Amino acid sequence: MTDNLISLLVFLPVALAAILAMTGQRAPALSRAISLAGAATLLIVSAWLLLGGFGNTAQVIELGGWSAPFGIVLVFDRLSGLMVVLTSIVAVLSLLYAVRRDEDSAGPHFHALFQAQLFGLNGAFLTGDLFNLFVFFEVLLLASYGLLLHGDGRKRTRAGFHYVVVNLIGSTLFLFAVGALYGTVGSLNLADITLKLPQVAPDAVPIVTTAIFLLFVVFLIKGAAFPLYLWLPGAYGYASIPVAALFAIMTKVGLYSVLRVDSVMLSGNTIGGLVETTALIAPWLLWLGLITLLLAALGVVAGRFLRRQIAYLIVASVGTILIALGLVTGSERELAISGALYYWIHTTVLSAGFFLLAGLLIRHRPEAGDGIEAAPPMPHAVLVGSLFFAYAIAMAGLPPLTGFFGKVMILAAALDSPLMAPIFAVVLTSGLIMVIALARAGSRLFYQSQATPGHPAHAMPRGARTALPGLALTIAPLAVATVMVVGAQPLSDWLDGTAQQITTPSGYLDAVMPDGILSPETAPGKLGQEYEGGKH
Amino acid sequence: MTNLAISLLIGVLTGAGVYLVLRAQTFPVVLGLTLMSYGVNLFLFTMGRLHTAAPAVVGATEQSADALPQALVLTAIVIAFAMTAFVIVLALKARAALGNDHVDGTHIPQADRVIDRRKEPRA
């Protein structure tokens with residue numbers, strides 16, 4: 001039953017994508033209904049699985065009944081479950097927005113691409129196989145290329161070209177890394193690789209180490225870390241609003257892969273008994289996170305329209321999470337991961353919501369859009385301004401909203417780190433820079449309105465009359481943030497448990513490979529015998 | 001000897017691909033991506049080790065080739081092929097929308113009027 005439900009998380013979107021590719025043009029209303037129902041089903045099923053505690057021990061689904069190193073497995077644990085729930089929340093929000101604002105009819109096949117994107121995202125979060133991860137990356141990227149170019153615009157095309165080329169190069173590097181790992185370790189299953197890493201032949205150790213570094217370079221390209229984040233502000237800043245909101249989860253795929261591969265494959269492991277892997281990647285993550293955060297804060301200052309600022313806020317959150325993932329000092333690691341996950345939920349949901357708010361601004365200010373410049377007064381300026389204020393507080397990390405708590409948890413975990421001083425300095429300074437940038441943006445957007453003769457104050461621009469009900473979508477992420485603040489204690493207890501699950505990879509390994517390494521001689525069933533027959 | 005030849009080939013393909021990807025016009029970039037994907041496909045293929053006269057059927061001959069890299073390379077070829085087709089269309093769209101084929105879409109004054117491509121200003 002639960003096996004089928006977990007498989008449903010991956011296979012429902014792809015089935016819907018196929019159907020929607022056929023109905024998309026002919027029956028727009030039906031397509032909307034199917035797409036929304038699909039996303040809602042994903043949200044309900046994933047939330048039910050997660051809250052029902054099915055992720056407390058890793059659930060393994062062997063596709064086609066082939067056991068772990070031979071077949072492909074899906075693994076549902078708390079971390080992957082949480083990621084799927086987050087994806088579904090963001091998906092429902094941006095789909096509702098797209099349908100409400102009619103953004104989905106700006107080009108063909110919006111809903112089919114959207115579902116394909118969800119297929120790729122959920123697959124990437126659930127798979128336990130590195131090559132399969134590559135395939136799901138490709139699926140989600142190909143869908144995201146289509147979504148990014150949805151609608152039109154010269155700048156969007158230019159940003160789209162950069163995005164596609166950077167990601168194609170990333171995919172090539174991914175294949176090099178996966179190929180080198182397979183050639184030396186002899187497996188593609190994450191758990192199997194983990195078990196086989198200590199047995200790597202000494203002369204293959206440099207190759208394996210290189211392959212692992214290459215793998216993380218790819219993840220950091222997808223996750224938009226310094227120095228490979230420059231594709232993001234363009235792509236996210238010029239995408240249409242619902243697409244940008246959905247993309248709030250995209251960088252998290254890279255970060256999820258970093259966390260998953262680092263915690264399962266590298267923690268407490270060695271490569272061929274020669275290279276200790278626990279601290280192989282983490283220090284790099286920490287430093288890259290610090291640089292990313294600082295540069296992203298400066299990017300927020302430099303952004304000349306709100307969507308670009310939000311894109312840089314996303315980069316800043318990537319930096320913050322990387323700092324937390326880079327802390328490896330013993331028990332502090334659990335605390336750091338728990339804090340990072342809290343911050344992770346906060347930044348995903350709120351940056352999606354912030355993009356929706358930018359969409360509201362674009363509609364309400366026909367002259368200036370979301371450009372940070374003075375424009376004729378907009379309707380509901382007080383309400384929209386208050387929402388902007390709330391988002392800005394949350395994203396910049398001021399109390400009493402979620403960004404503050406996330407940062408406090410991460411900084412608390414960093415107290416024992418030898419790099420405490422630079423971490424505190426960078427996190428606090430960048431927070432200050434972002435506050436200044438957002439305060440400036442807010443005052444330009446909402447205080448310096450000019451009443452021009454053609455536009456007396458409180459005039460309603462065309463199409464703005466329906467604004468109030470639409471505000472609910474912009475308020476919903478803030479409601480999530482409020483719940484996260486009110487329920488901070490139970491949530492953080494749950495996240496502590498999740499962090500514990502992440503930092504004890506033996507649970508994951510036992511679930512996927514209950515019999516340890518299968519050599520051809522000990523492999524159960526026909527496959528082993530046939531293989532043995534072939535050897536002799 | 002074959003190993004050396006194949007390694008050199010992978011190196012040359014990837015190197016040429018990287019060089020072309022760093023060019024400023026979209027067409028060389030697309031070519032570069034294609035060459036890089038050729039390089040990585042060959043690389044994946046050789047990760048199953050090079051055997052002569054060894055089919056990927058277990059038990060058919062003394063030594064059997066590893067079938068998995070062949071499956072991987074097939075997947076990679078299909079994906080790379082689709083991506084190339086997509087990126088070419090995107091490059092054409094960018095050429096049409098931006099009026100030139102610079103990767104940043106930077107408008108070069110008078111570029112439209114230059115008929116002889118050799119005289120076109122270098123970007």
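Me: Where does B:Arg49 sit in chain B?
Reply: In this predicted model, B:Arg49 lies in the loop of chain B that runs between helix H2 (26-46) and H3.

Me: How many helices and strands does chain B have?
Reply: Chain B has 3 helices and 0 strands, and from the N terminus on its elements run α-α-α.

Me: Which residues of chain B does UniProt list as "transmembrane region"?
Reply: The UniProt record, an unreviewed entry, places that feature at residues 6-22, 29-47 and 67-92 of chain B. In the model, residues 29-47 of chain B are 95% helix and 0% strand, with their end C-alpha atoms 27 Å apart, while residues 67-92 of chain B are 100% helix and 0% strand, with 38 Å between the end C-alpha atoms.

Me: What about B:Ala67, which helix is that in?
Reply: B:Ala67 belongs to helix H3 (residues 67-98) of chain B, and B:Ala67 counts as partly exposed because it has 13 C-beta neighbours inside 10 Å. From B:Ala67 to B:Ala91 is 24 residues in sequence and 36 Å in space, C-alpha to C-alpha.

Me: What share of chain B is buried?
Reply: Of the 123 residues in chain B, 28% are buried. As for contacts in chain B between residues at least 6 apart in sequence, 44% of them join residues at least 24 apart.

Me: Switching to the interface, how many residues of chain A are in contact with chain B?
Reply: There are 23 residues of chain A in contact with 30 residues of chain B. On the chain A side, the elements that give two or more residues are helix H5 (130-148), helix H6 (154-185) and helix H21 (525-535), and H6(A) gives the most, with 15 residues.

Me: What's the make-up of that chain A side by class?
Reply: The side of chain A that touches chain B has 12 nonpolar, 7 polar and 4 charged residues.

Me: OK, packing inside chain A. How do helices H3 and H4 of chain A cross?
Reply: The axes of helix H3 (residues 78-100) and helix H4 (residues 110-126) of chain A come within 9 Å and cross at roughly 170°, which means that H3(A) is roughly antiparallel to H4(A). The crossing of H3(A) and H4(A) is right-handed.

Me: Which residues make that contact?
Reply: Among them are A:Met83, A:Thr87 and A:Leu95 of H3(A), together with A:Phe114, A:Leu118 and A:Asn122 of H4(A). By class, the residues of the contact of H3(A) with H4(A) divide into 11 nonpolar, 3 polar and no charged.

Me: And what's the crossing angle for H14 and H15 of chain A?
Reply: The axes of helix H14 (residues 332-364) and helix H15 (residues 381-396) of chain A cross at roughly 150° and come within 10 Å, so H14(A) and H15(A) are roughly antiparallel to each other. H14(A) passes H15(A) in a left-handed crossing. The residues making this contact include A:Phe354 and A:Leu357 of H14(A) and A:Phe388 and A:Tyr391 of H15(A), and the contact has 10 nonpolar, 2 polar and no charged residues.

Me: Which peptide bond into A:Pro227 is cis?
Reply: The bond from A:Phe226 to A:Pro227 is cis, with omega near -5°, and A:Pro227 lies in the loop between helix H8 (205-223) and helix H9 (231-238) of chain A. A cis peptide bond also joins A:Pro399 and A:Pro400, with omega about 10°, and A:Pro400 is in the loop between H15 and helix H16 (402-413) of chain A.

Me: What about A:Ala224, buried or exposed?
Reply: A:Ala224 counts as buried, because it has 27 C-beta neighbours inside 10 Å. A:Ala224 lies in the loop between H8 and H9 of chain A and has a positive phi of about 60° although it is not a glycine.

Me: Last one, what does A:Gln309 touch?
Reply: Leaving aside its neighbours within four places in sequence, A:Gln309 is in contact with A:Val300, A:Gly303, A:Ala437 and A:Ala441. A:Gln309 is found in helix H13 (residues 306-325) of chain A and counts as buried, with 27 C-beta neighbours inside 10 Å.

Notes:
Residues numbered from 1 in each chain as written. Chains lettered and ligands numbered in written order. Predicted model: local features only at pLDDT ≥ 70, side-chain atom pairs only at ≥ 80, totals over all residues. Contact = placed C-beta atoms within 7 Å. Helix = DSSP H or I, 4+ residues; strand = E, 2+ residues; numbered from the N terminus. Nonpolar A, V, L, I, M, F, W, Y, C, P; charged D, E, K, R; others polar. Axes fitted to C-alpha atoms, helices over the stretch in contact; angles between N-to-C directions. Parallel < 35°, antiparallel > 145°, perpendicular 65-115°, else oblique. Left-handed = near helix turned anticlockwise from the far one by under 90°. UniProt positions renumbered as here; feature names shortened; annotations may be inferred. Buried ≥ 20, exposed ≤ 12 C-beta atoms within 10 Å, placed from the backbone.
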